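The following note sets out points on the pockets and the core of the model under review. Please read it alongside the structure shown here.

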Amino acid sequence: MKYIILILMPSFFVGQNIAYQDLLKRASVNNKSCDSLIRFVNNENTNIEKGYLGAGLMIKAKHEKKLHAKWQYFKKGKDKLEDAINTEPNSMELRKIRNHIQNNTPHFLNYKNNRKEDEFFIKKMLIEQKKR
């Protein structure tokens, strides 16, 4: 029985990341999906969850009507995502999340300063993975 649990554990975590990615894709189009993403990762047990929570909060800003609420969601989400990346700077998934957010953020929010760095990091990691 112990062996079955050990074999299934990695697939559980991979499945979770796929669910996070799917919710993140739907969150930008649908407010309810955005709320689901935020609820799903609200415990912040891992840096990946913290990163997805930050992305979810920034996307939630898009769905808000009041300007002050938009800014508060964006600011809180940005802080969470940046904190997750600072804690785990070699995480390709966190870098992909930030790159995606920065590529889709309006210029006036001034959140585009890591795009080139993240793109270089992601390409470098993909090349390293292909060598293995």
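1. The lining of the largest pocket comprises 10 nonpolar, 4 polar and 2 charged residues (Ala, Val, Leu, Ile, Met, Phe, Trp, Tyr, Cys and Pro count as nonpolar, Asp, Glu, Lys and Arg as charged, the others, Gly among them, as polar). The model is predicted: local features need pLDDT of at least 70 and side-chain atom pairs pLDDT 80 or more, while totals for chains, interfaces and linings use all residues. Residues are numbered from 1 along each chain as its sequence is written, and side-chain values use heavy atoms, without hydrogens and water.

2. The volume of the largest pocket is about 460 Å³. A pocket is an open set of points on a 1 Å grid over the protein atoms alone, where a 1.4 Å probe fits, with protein on both sides within 12 Å along at least five of seven lines; lining residues have an atom within 4 Å of a point. Met-58, Lys-62, Phe-74, Pro-106 and Leu-109 are the closest to the centre among the 16 lining residues.

3. The second largest pocket holds about 200 Å³. Its lining includes Leu-24, Tyr-52 and Ile-97, and has 3 nonpolar, 2 polar and 3 charged residues.

4. Leu-24, Tyr-52, Ile-97 and Ile-101 touch the most other members of the largest nonpolar core, which has 25 residues (buried Ala, Val, Leu, Ile, Met, Phe, Trp, Tyr and Cys joined through side-chain atoms within 4.5 Å; buried means under 20% relative accessible area, 1.4 Å probe, protein chains only).

Terms used. Buried means under 20% relative accessible area, exposed over 50%, partly exposed in between (1.4 Å probe, protein chains only). Grid points are joined across faces, edges and corners, and a volume is the space filled by probe spheres set on the points.
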